[in-house]
Amino acid sequence: MTWPMIRATPPAFPATDRTIMLKQIGASALFAGLAAGVFAALLQLWFVVPLLMEAELYESGARAHFTDGHIGSDAGAPPLGDAMGRHLGTLAINIVGWIGFGFVLAAGFALAARRGVEVDARRGLLWGLGGFVALSLAPAFGLPPELPGTFAAEIGERQTWWAFCVIATALGLALMAFGRGPAWLAGGVALIAAPHLIGAPHLDRYFGSAAPELAAMFSARALGVSAAAWAFLGLAAGWIWSREA
Amino acid sequence: MTTKTIASSGTLSEIATIAFAAVFGLGLIFAAGFSHAGGMHDVAHDSRHATGFPCH
């Protein structure tokens with residue numbers, strides 16, 4: 001309140017603009033993130049969690065795919081309703097995580113706005129698809145979504161590679177989208193390729209217990225659900241962003 | 001001169017606002033995707049697997 005009054009000329013970036021920006025980021029991230037989190041959780045519960053619970057039957061030994069002299073096992077997941085508390089946890093964590101994605105996405109919108117690019121629902125959709133590529137598709141190329149019971153390299157190594165891949169891909173996409181000229185494009189491609197040229201950490205043996213059909217379906221479904229939720233988040237966040245402007 | 005100073009401090013605090021939003025978002029993502037604090041791993045187990053985060 002005090003400092004604008006002592007000024008003779010209006011400031012180039014008045015405090016109210018920053019308040020509006022914060023409100024715009026907060027509204028986009030919170031509302032779009034909340035809705036995308038609920039959407040993602042519902043899709044996961046419908047399409048992904050049953051496969052995960054089915055895989056746990058193999059993990060626990062209740063079902064076996066290869067036994068002496070036999071190949072093959074029954075298909076079918078335990079009913080979802082047997083573990084409602086567990087699914088509430090999935091809903092809650094999705095809401096937290098997707099609001100987090102929403103804040104990062106809206107921070108990106110704000111950076112773009114400073115460069116004169118105004119985000120609306122359709123541009124938001126593109127941003128959301130970029131988020132899907134950076135946070136789901138690119139890391140899955142090296143470390144596919146894991147069915148429970150999968151044996152994998154050391155968790156710390158995988159998390160490090162995962163984070164490196166996400167950051168490199170996001171930066172690479174940003175260079176390609178906002179850079180000017182072929183050098184930026186080439187730099188973007190190099191950044192996106194680098195984690196895969198280095199290679200994700202993997203074991204030198206296979207230990208999987210569950211049927212391969214289940215693992216394949218799980219990976220594809222996890223990516224599909226993620227794509228749908230990212231598209232939803234981008235569309236909703238972009239729409240709210242343009243309304244709050 | 002004065003306007004320039006004010007303008008750059010305005011730009012700075014805009015960038016600070018954006019950085020705050022990004023760091024806050026990354027904190028939520030870390031909690032949902034990576035944290036093993038308390039019972040976080042168990043509660044987050046299914047959504048981590050389903051989202052493709054390295055889980056355990």
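Mentor: One definition before anything else: helices (at least four residues) and strands (at least two) are DSSP runs, numbered from the N terminus. Also keep in mind that this is a predicted model.

Trainee: Fine. In what order do the elements of chain A run from the N terminus on?

Mentor: The order in chain A is α-α-β-β-α-α-α-α-α. That is seven helices and two strands.

Trainee: And how many helices and strands does chain B have?

Mentor: Chain B has two helices and zero strands.

Trainee: What does chain A span along its principal axes?

Mentor: The C-alpha trace of chain A spans about 90 × 45 × 30 Å.

Trainee: Now the interface. How many residues of chain B are in contact with chain A?

Mentor: 35 residues of chain B are in contact with 43 residues of chain A. The size of an interface is often given as the accessible area lost when the parts come together. Here chain B and chain A bury about 3400 Å² between them, and 71% of it is on carbon and sulfur atoms.

Trainee: Which residues of chain B lose the most area to chain A?

Mentor: B:Glu14, B:Ile18 and B:Asp46 do. Together they make up 18% of what the chain B side buries.

Trainee: I clicked on A:Asn94. Is A:Asn94 buried or exposed?

Mentor: Buried, because its relative accessibility is 2% and the cut-off for buried is under 20%. A:Asn94 is found in helix H3 of chain A, residues 84-114.

Trainee: What is A:Asn94 in contact with?

Mentor: Leaving aside neighbours within four places in sequence, A:Asn94 is in contact with A:Gly37, A:Ala40, A:Ala41 and A:Gln44, and also with B:Ser47 and B:Thr51.

Trainee: Next, A:Ile71. Buried or exposed?

Mentor: A:Ile71 counts as exposed, at 69% relative accessibility. A:Ile71 is in strand S2 of chain A, residues 70-71. Not counting residues up to four places away in sequence, A:Ile71 touches A:His65 and A:Phe66.

Trainee: And A:Ile240, where does that lie?

Mentor: A:Ile240 lies in helix H7 of chain A, residues 212-244. A:Ile240 is buried, with a relative accessible area of 13%.

Trainee: What does A:Ile240 touch?

Mentor: Not counting residues up to four places away in sequence, A:Ile240 touches A:Ala27, A:Ser28, A:Phe31 and A:Ala32. A:Ile240 and A:Ala29 are 211 residues apart in sequence, with their C-alpha atoms 9.0 Å apart in space.

Trainee: How much of the contact count in chain A comes from residues 24 or more positions apart?

Mentor: Such residues account for 78% of the contacts in chain A with a separation of 6 or more.

Trainee: Last topic, aromatic rings. How many pairs over all chains?

Mentor: The count comes to 15 aromatic pairs over all chains. One of them is B:Phe20 with B:Phe24, whose ring centres are 6.2 Å apart and whose planes are at 15°.

Trainee: Why is the pair of B:Phe20 and B:Phe24 called stacked?

Mentor: Because the planes are at 15°, and planes under 30 degrees apart count as stacked. B:Phe20 and B:Phe24 are four residues apart in helix H1 of chain B, so about one helical turn separates them. B:Phe20 is exposed at 55% relative accessible area, and B:Phe24 is partly exposed at 40%.

Trainee: Which rings form a cluster in chain A?

Mentor: Ring pairs link A:Phe109, A:Trp127, A:Phe178 and A:Trp241 into a cluster.

Terms used: Residues are numbered from 1 along each chain as its sequence is written. Chains are lettered from A and ligands numbered from 1 in the order in which they are written. This is a predicted model: local features need pLDDT of at least 70, side-chain atom pairs count only at pLDDT 80 or more; totals for chains, interfaces and linings use all residues. Side-chain values use heavy atoms; hydrogens and water are left out. Rings of Phe, Tyr and Trp (its six-membered ring) pair if their centres lie within 6.5 Å; planes under 30 degrees apart count as stacked, over 60 as edge-to-face and the rest as tilted. Buried means under 20% relative accessible area, exposed over 50%, partly exposed in between (1.4 Å probe, protein chains only). Contact means heavy atoms within 4.5 Å. Buried area is the accessible area (1.4 Å probe) that two parts lose on being put together, summed over both.
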